[in-house]
Structure formats: structure tokens, C-alpha cells
Amino acid sequence: MRRLSSAMLVVLIVARGTRTEGSEKDGAPPSARSGALGVKASTDVAGYADTDHVIVVSPSIAGGVSDDVAGWSANARYVVDVVSAASVDIVSTASGKWRETRHAASGSFNDKFGDLALGASGGFSSEPDYLSLSGGATASLDLFEKNFTPFVGYSHGHDDAGRTGLPRAFWGSFESNDAQVGLTFVLARRAIASVQGDGRFERGYLAKPYRYIPVFPVGVAPLIPAGASIDLVNRTRLDPRPSDQVPNARDRWALTARLGYRWSASTLRLDERLYTDDWGLRATTTDARYSLDLGRRLTIWPHVRFHAQTGARFWRRAYEAERAPSGDWQLPMYRTGDRELGPLYTFTLGAGARLQLGSDVRSRFWLVLEADGAMTRYLDALFLLRRRAVFSTLAFEAELD
Amino acid sequence: MMRSFVAALALPLLGASIGCATVKPYERGALAHPTMLLGDMSRTAASHVYAIHEGATGGGTGAEGGCGCN
């Protein structure tokens, strides 16, 4: 994967070199093809808290350099997540509250060669029990005076997952390949839309290493109600508590449509995603935002999002097990306690504001505040029937020439 | 599943090819507004929350284009 990222960067650099030679042949000095460098920088703090006793604080910094005339840009971002959790999944395994820090960084480089735009990106995420590396490339082509822009993308990821303190040799890992194809098209002077398809193919260890699944005697499992308490589960479950186990391959598909419509001082954005995978999970996600300019410096927006999904084919609220004549437990081959593999719906409602700072309307410093509240209803899960969460971001952004 | 997916993707793409207007560069003031970029509307932290809360994936914008600007 590192070789893939390096190769993509080399291709972009060579392509840039080729274009520079072309410029000189045209008789135009290189400086005529490049403008002043623009620099962007931002810092933000995001917070998350939910009724399952999970709290996350995430400070981040980001920066970028670009030349709008030449058409290239480079961006980087670094974020730290500090997670504190005492969720029902932890308490139900008689574990204590834990705290963990995740570090994540990403970078990208994009360039334009006439109507063709190419991009390369890479990222990593690291925490005591998880490591993720990824790299990818994108290409898009402006056609018919930029009224049609088809695009493709590909990325590869490698993830290692284990338990804190467990030697790395015993960690599980999986590979993922993501492919993307789509088209952005102008509908009218004030309307633009896009359609894209995504395929994600995961191979390897896809289970959750910390999850242990309660199993129940045959005939008892159907009597365990949704939202059953830890106490009820512990009183009725069998002794074995096997670890989470899911298929080691997953093919995931998504079809997404986006629409943007601009009035004189407001914009409506509508997104719809339809999703399916070969684990039997189906989902729909609808996202809408209405941005309203209140004067030249302040933009506000309400935001609404709705997500609903069915459960994976092997999802059970309560799994059954029984003893074989040999005395061994016969456990279900696939079992999971990951509620995001079960049927659920989530409704999110929020708002945001973006304020340009300074008395000069040409100054380019912004303050952004965004806050959302989400309610998730688990339709067929142990321990939890619903979870309420709030998350927000406060950001400071600057653009410098 | 691959065939169904390709068919589901091809249909709207075909419709887009037939039903679109040709807008000249000088008519694109509204399209060039920053809020009209068809990238993911969510900030990074919110996207991370959605990725964890939802069992679905996809729809991110590795490639962006078609804003009518640059």
C-alpha cells in the first residue's frame, strides 16, 4: 500500500513535469501558468457524548496550500480523539470504565491537467488496540464546458485490530478495497446534481475483539425481550460467552445521489444514499441542509438526517447454544453483539453557523459552530432500546495569500 | 449483485446524460457558490460519528468536481 501511494505521487509529479515542459514549448513562461499561493489553516474542537456513557473530545488541526491558477492543492490534517467510555457493552462484561487516545492523520494532493483532475491521498489512524493505513487515488474529467464531470476513485486500506496488551502477533487484520464511479452534472443555472456508486470489499478479520456474546438455552432465547437488562441476561444465559465472530469477507455497495439548488441568498442540499451488502444489511440514509445567508458575513443552517437499516442475516437478539453428546458446546457459527449490524433507525437534527470575523468584509477568518442531536432506536437488541447523543464542533478557519 | 448494482447506477447516469442543460461559464455565479460543492456536507468529526452509528458505508467524495468554478 505504501508502494501504491508512492507510485501515485510519482505519477502526479512526473505529470506536472511534463506539463511544465509543454508550457515552455508554448512560449509561455512558467510563471504565467501559476498564481499566488493560497494558504488555508484551521483548528477545531469536536465533542461527543451519549446516554450510553461514551464521551469523546477531538481537537484537530488542518492546513493546505494551493495555487488556484495552476490548479494544484495539497492538504493535511491531524486529529486526536480522547475517548472515555463506560458503555453497557463494557459493564455487561464486568469491565471498568476505560479511556483511550486515537491519533489520526491524513494528507492529499490534487492537480489539474487541463480538463483532467488527479488526486492522491493517504492516511493512518492509530490507537493502542487498532491500526489503520490507507491510500488512494481519484480522477475526474470536465466535459462539455464543465457541464458533465465523470469521476472515478480507488483506495486500499489495511487494518489491524487487537486488544490492549495483546502481542501484535495475535491481532487480526483485514484488507479493504474501495472503488467509486460517478458523474456530477449541471441541471440548470442554479442546480447541480451528482450520482455515484461505491463498492467496498473487505477481507480478513472483521469481528470486534472486545465483544463477548451471551448465549441462551434453546427455547429461552425467544423469550429474552429487546432491551433486556444486564441482570436479566446474566440470570438466564449459559456459562460460555464466546467472542464475536462474523464472516471474513464482506462486499458492500452504495448508490448515492446529491442535489444542490442555489437561490439568491440560500442553498438547499439534499443527499440520498441506498446501501446493500452480502451480509443482508439494507439501509437508506437521507441528509438535508438549508444554508441561509444573513448578510454578507453570517450563514446559518438547519440540518436533518435520517438513517434506517435492516439487520445482517446472522443478527439475533439472543443466540442459542446447546451441548453436544460429547459435552462440547455447539455455538452458532456467526454471532455478534455489534448493534450497528442489527435493525435500527437514527434521526439527527442540528444546526450550524459560519461567521466571518473582522470589520473588513474582505478579511478571511471564520468561526464555525455546528451542533447536532441524534436519537437511535435499536429495534431488536439486548441492553439498549435507544441511545441519545449530542455532538458539536467549534472551528476557526483562516485563508491567507 | 454486481449486475444489479451496475444497472442501478447506469439508469440515473443515462437520465442525467439526456436531461441536462448546457450552462455557459458566465452563467455560473450561483453554481460557483461554496455551498454548491457536492462534497460530503458533514465536517470530519460528524462524518466519523455517522460512520460509527450507521451500519452502512459509501457516498463519500474521494473525487469532487463539477462546481463550475476553477
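The exercises below, each with a worked solution, concern a predicted model.

Residues are numbered from 1 along each chain as written, and chains are lettered from A in the order in which they are written. Local features need pLDDT of at least 70, side-chain atom pairs count only at pLDDT 80 or more, totals for chains, interfaces and linings use all residues, and side-chain values use heavy atoms, without hydrogens and water.

**Exercise 1.** State the average pLDDT (the predictor's confidence in each residue, from 0 to 100) of chain A, and locate stretches where pLDDT stays under 50.

*Solution.* Step 1: the average for chain A is 89, and 89% of the residues score at least 70. Step 2: residues 8-15 of chain A stay under 50, as do residues 17-32 of chain A.

**Exercise 2.** Determine whether Arg387(A) is buried or exposed (buried: under 20% relative accessible area; exposed: over 50%; partly exposed in between; 1.4 Å probe, protein chains only), and find its polar contact with chain B.

*Solution.* Step 1: Arg387(A) lies in strand S19, residues 386-400 of chain A; strands are DSSP E runs of at least two residues, numbered from the N terminus. Step 2: Arg387(A) counts as buried because its relative accessibility is 10%. Step 3: its side chain forms a polar contact of 3.3 Å with the side chain of His53(B). Such a contact is a pair of N or O atoms within 3.5 Å; within protein, one must be able to donate a hydrogen and the other to accept it, and residues adjacent in sequence count only if both atoms are side-chain atoms.

Notes:
Contact means heavy atoms within 4.5 Å. Helices (H or I, at least four residues) and strands (E, at least two) are DSSP runs, numbered from the N terminus.
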